Amino acid sequence: MSLPGLPASVRLVEVGLRDGLQSVPEPLSTAEKVELVRLLIDAGVREIEAVSFAHPKVLPQLADAAEVMAAVPRIPGVRYRGLAPNYRGAERAVDCGLDELVVVVSADEDVSQRNQRLSVTEALAGLSRIGHLADRTGLRLVTAVACSFFAPARGPVPDAERLRVVHAAVDAGSAGVYLAGTSGQEEPGEFHDGVAEVRTLYPELEVGVHLHNRNGFAPANAIAAMQAGADWLEGSFAGLGGDLWFPGDPSVLGNAPLEDLVHLCDGLGVSTGIDLPKYLRAADRIVKLTGRPSASFVSRGGTRADLAAASWPEQSEPASDRG
């Protein structure tokens, strides 16, 4: 049964191969990454953030970006993304067969300085330069607004700071912008109002959201974003990844598990085009490859169909009253 205001369908973007694997110290092989891509495509995933063009010394886990892009299957309708942290990375990305180039700019000054060693002003100047490169080379540009609503060691981020990045992204030629819940402490009203505001200001701009689940609000934030008109939601297989480190159990610091988003949308009657049982094969595979336990509820708890098909275990004594 659907809720009011939800779309008939929504796009789901898999970021595990980039945002997930960059948090795993031991690099996977190129062949293992391509295997994961094939499993995702078989499950119906059509938008995959597959690589990053960060300097190999900074992120050795993703140093084989060019090799991965040379080996992934080219299937009609499948779109590959790569992240460029700076202009030099964007130059490396140009000839690798990407469909989309992603640039991340933090709305929060302190996070920008700590994560990229740039002021927001400097980061936006870099975005403009990359925008010119993308336009010249025919790459579709997507801008990520990190810390869109909340920043560690600060709290809520003012609307004006988020919109400053959105305006600059449009000026740089971005075809899409996504509002990122980088800290994992964002709330549904923030996502709803943030997406709705961008939608009102730029009706032709595609708008997505990137979800973390530190506070357990990712499903509610996904619903709020969809009700406000978000074109896509982002997550990673098994919830692999991490946010900025602050006190908290490591098991809650990752991205929203994409399988939970698929499961949620299935339950709401919102089509994603992704087959959940097939997608879970990719989620299971990443758990085996990395040794990291899944943060996904559907992986650990199963679906309604799983529970409905279960049989009562044989027992010799009455079960206790569990409510």
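**Cysteines, an arginine and a helix start**

Mentor: Let's begin with Cys-265, which is buried, at a relative accessible area of 0%. Keep in mind that this is a predicted model.

Trainee: And Cys-147, buried or exposed?

Mentor: Buried, with a relative accessible area of 0%.

Trainee: OK, how many disulfides turn up in the whole structure?

Mentor: The search finds 0 disulfides.

Trainee: Switching topic: where does Arg-18 lie?

Mentor: Arg-18 is in helix H1, which covers residues 16-20.

Trainee: Why does Arg-18 count as buried?

Mentor: Because its relative accessibility is 7%, and the cut-off for buried is under 20%.

Trainee: What does the Arg-18 side chain make a polar contact with?

Mentor: The side chain of Glu-49, at 2.6 Å. Leaving out residues up to four places away in sequence, Arg-18 also touches others, including Val-51, Leu-62 and Tyr-178.

Trainee: Now helix H5. What goes on at its start?

Mentor: H5 spans residues 109-116, and there a side-chain oxygen of Asp-108 comes to within 3.3 Å of the backbone nitrogen of Asp-110. Just after H5, Arg-117 has a positive phi of about 55°.

Trainee: Last one, Asp-249. Where is that?

Mentor: In the loop between strand S10 (232-235) and helix H10 (258-268). Asp-249 is partly exposed, with a relative accessible area of 47%.

Trainee: How many residues apart along the chain are Asp-249 and Arg-214?

Mentor: They're 35 residues apart, with 8.9 Å between their C-alpha atoms.

Terms used:
Residues are numbered from 1 along each chain as its sequence is written. This is a predicted model: local features need pLDDT of at least 70, side-chain atom pairs count only at pLDDT 80 or more; totals for chains, interfaces and linings use all residues. Side-chain values use heavy atoms; hydrogens and water are left out. A polar contact is a pair of N or O atoms within 3.5 Å; within protein, one must be able to donate a hydrogen and the other to accept it, and residues adjacent in sequence count only if both atoms are side-chain atoms. Helices (H or I, at least four residues) and strands (E, at least two) are DSSP runs, numbered from the N terminus. Buried means under 20% relative accessible area, exposed over 50%, partly exposed in between (1.4 Å probe, protein chains only). Contact means heavy atoms within 4.5 Å. A disulfide is a pair of cysteine sulfur atoms within 2.5 Å.
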